[in-house]
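We'll go from the overall fold down to single side chains.

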Amino acid sequence: MDTRLQDGAEALLEGCPTAEVSRPVGQWTVAEVGAWLTARSGAGELAELAREHAVSGRALLRLTEGTLRRMGVAPRSRRRELLRELLWLQLQQELEELLSIVGGEHPPCWGHG
């Protein structure tokens, strides 16, 4: 990997809080998904919905606005906010995987801000 590209990827991950869950999101259990959702501001109800619908990490990464609407997540702005968080989570996971391939070791970064 080009050094500039690796440095840029590392910069994106700097300053991110380390998550309690240190394995790939796709392997998260329903309980781990609930914990991640609970950690998001005002997402306690979302965690409960995820438990009711047995949303695993793999399913979490595949959620769409339509799925969230059918699950009862309202209003639209809340669905959009969650989808942005999920996109950020996916990006971070992909960066971690790429960095591990090229030998860059970084702690997992599940949140941003």
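What follows is a walk through the fold, the core, the aromatic side chains, the salt bridges and the surface.

First, some ground rules. This is a predicted model, so to speak of a local feature takes a pLDDT of at least 70 and side-chain atom pairs count only at pLDDT 80 or more, while totals for chains, interfaces and linings use all residues. Residues are numbered from 1 along each chain as its sequence is written, and side-chain values use heavy atoms, with hydrogens and water left out.

Start with the fold. The chain has six helices and zero strands, and along the sequence the pattern reads α-α-α-α-α-α. Both kinds of element are DSSP runs numbered from the N terminus: helices are H or I with at least four residues, strands are E with at least two.

Of the 113 residues, 39% count as buried. The cut-offs are under 20% relative accessible area for buried, over 50% for exposed, and partly exposed in between, with a 1.4 Å probe and protein chains only. The accessible surface of the chain is about 6800 Å², and 53% of that belongs to carbon and sulfur atoms. These areas come from the Shrake-Rupley method with a 1.4 Å probe, and for residues only the protein chains shown count as cover.

Next, the core. The largest nonpolar core has 18 residues, and Trp36, Leu37 and Leu60 have the most contacts inside it. Such a core is a set of buried Ala, Val, Leu, Ile, Met, Phe, Trp, Tyr and Cys residues joined through side-chain atoms within 4.5 Å.

Alanine 59 and glutamine 27 are 32 residues apart in sequence, yet their C-alpha atoms are 9.9 Å apart in space.

The structure holds one aromatic pair. The rings of tryptophan 28 and tryptophan 36 have centres 6.4 Å apart and planes at 50°, so the pair is tilted. The rule is that rings of Phe, Tyr and Trp (its six-membered ring) pair if their centres lie within 6.5 Å; planes under 30 degrees apart are stacked, over 60 edge-to-face, and the rest tilted. Both partners are buried: tryptophan 28 has 4% relative accessibility and tryptophan 36 has 6%.

On to the charges. Side chains of opposite charge can pair when their charged atoms come close. Here a salt bridge is a side-chain nitrogen of Lys or Arg within 4 Å of a carboxyl oxygen of Asp or Glu, and by this rule the count comes to six. Which residues form a network? Salt bridges link Glu65, Arg76, Arg79 and Arg80.

Take the pairs one at a time. Glutamate 65 meets arginine 76 at 3.1 Å, N to O. Glutamate 65 is in helix H5 (residues 65–71) and arginine 76 in helix H6 (residues 76–101), so this bridge ties together parts eleven residues apart in sequence. The N to O distance from glutamate 65 to arginine 79 is 3.6 Å, and that pair, again H5 to H6, is 14 residues apart.

Arginine 76 is partly exposed at 48%, as is arginine 80 at 35%.

Leu98, Ile101 and Val102 make a nonpolar surface patch of about 280 Å². Patches are built from residues with over 30% relative accessible area and no salt bridge, joining like charges within 9 Å and nonpolar side chains (Val, Leu, Ile, Met, Phe, Trp, Tyr) within 5 Å. Leucine 98 sits in helix H6 and is partly exposed, with a relative accessible area of 43%.
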